[in-house]
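Hi,

Here is the structure I said I would pass on. Have a look at it first, and then read my notes below.

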Amino acid sequence: MTTISPLIAGNWKMNGLTHSLEELAELARLLTAGAAPRAVVAICPPATLLAIVAAQGASSGILAGGQDCHMAASGAHTGDISAGMIADTGAQFVIVGHSERRADHNETDDVVRAKAEAAIGAGLKPIICVGETEAQRDAGEAESVVAAQLAGSIPDAAEQHEVVIAYEPVWAIGTGRTPTLEDIAAMHASIRSRLEGRFGADHAATIRILYGGSMKPQNARDILAIENVNGGLVGGASLLAKDFYTIISAV
Ligand code: PEP
């Protein structure tokens, strides 16, 4: 079976000013002081800090990622950022289809897929987010909702290029609540099986499936030990170097 190196990615969301780079420096210090981390580590800061995080993280192996990109390469889209611009900062990843963007900006699966295609075209690895709402889970629709999001949001180019999937139940994001370990295991197995159906077992086995939603130092070890969980997308707990480092160390 293929072994995938886990990825722990921090999503700073709309948080972070230049003084937040002190947390990045502290994370770098923690990462280089002890044994080499068993995970690939990335920080997705706000766009204003992306170039500096990419440059400052490089010496300690911290990769950088954007939080969103436009689907077009350039043009009259005031306020937007293209995948090429993100790649130009030295970043390697970009989150697309985060539930906050799906909700706040009405992003559909078609839009998310186009953004993932743009990311791949620019040489980035898209982190494609999927996840059900609480009402959908309560209605027993979680797996079908996520399956439809996967079908609609992952571009065919994922057959030749690296993409990352992040399963983030909407109701777990920023709430301190998480699904049971059994529910996470079931959803990740379901996602793996959908990827196998579309891309074949060999290629599907190489695609990272991250869990996201209130991952914290207290629960990271249990969640990261689940089969088919190949890392985490971490929001709130990525803002403090100490907490984020504890999660990275839980791999
Ligand atoms: C996220 O928004 O990607 C996320 C996982 O947030 P939190 O860890 O704060 O729930």
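**The largest pocket**

The largest pocket holds about 580 Å³ of space. Here a pocket is an open set of points on a 1 Å grid over the protein atoms alone, where a 1.4 Å probe fits, with protein on both sides within 12 Å along at least five of seven lines; lining residues have an atom within 4 Å of a point. Points are joined across faces, edges and corners, and the volume is the space filled by probe spheres set on them. There are 24 lining residues, and P46, A47, Q67, D68 and R101 are the closest to the pocket's centre. The elements that give two or more residues to this lining are α2 (47–57), α3 (83–88) and α4 (99–104), with α4 giving the most, three residues. The lining divides into 10 nonpolar, eight polar and six charged residues (Ala, Val, Leu, Ile, Met, Phe, Trp, Tyr, Cys and Pro count as nonpolar, Asp, Glu, Lys and Arg as charged, and the others, Gly among them, as polar).

A word on the source: this is a predicted model, where local features need pLDDT of at least 70 and side-chain atom pairs count only at pLDDT 80 or more, while totals for chains, interfaces and linings use all residues. Residues are numbered from 1 along each chain as its sequence is written, and side-chain values use heavy atoms, with hydrogens and water left out.

**The rest of the fold**

The secondary structure comes to 11 helices and eight strands (DSSP runs numbered from the N terminus: H or I of at least four residues for helices, E of at least two for strands). The C-alpha atoms fill a box of roughly 45 × 45 × 35 Å along the principal axes.

Helices α5 (residues 109–121) and α7 (residues 142–153) have axes that come within 8 Å and cross at roughly 45° (axes are lines fitted to C-alpha atoms over the stretch in contact, with angles from 0 to 180 degrees between N-to-C directions). That makes α5 oblique to α7 (under 35 degrees is roughly parallel, over 145 roughly antiparallel, 65 to 115 roughly perpendicular and the rest oblique).

Two loop residues have a positive phi without being glycines: K13, at about 50°, between β1 (7–11) and α1 (21–33), and N228, at about 70°, between α10 (220–224) and β8 (231–234).
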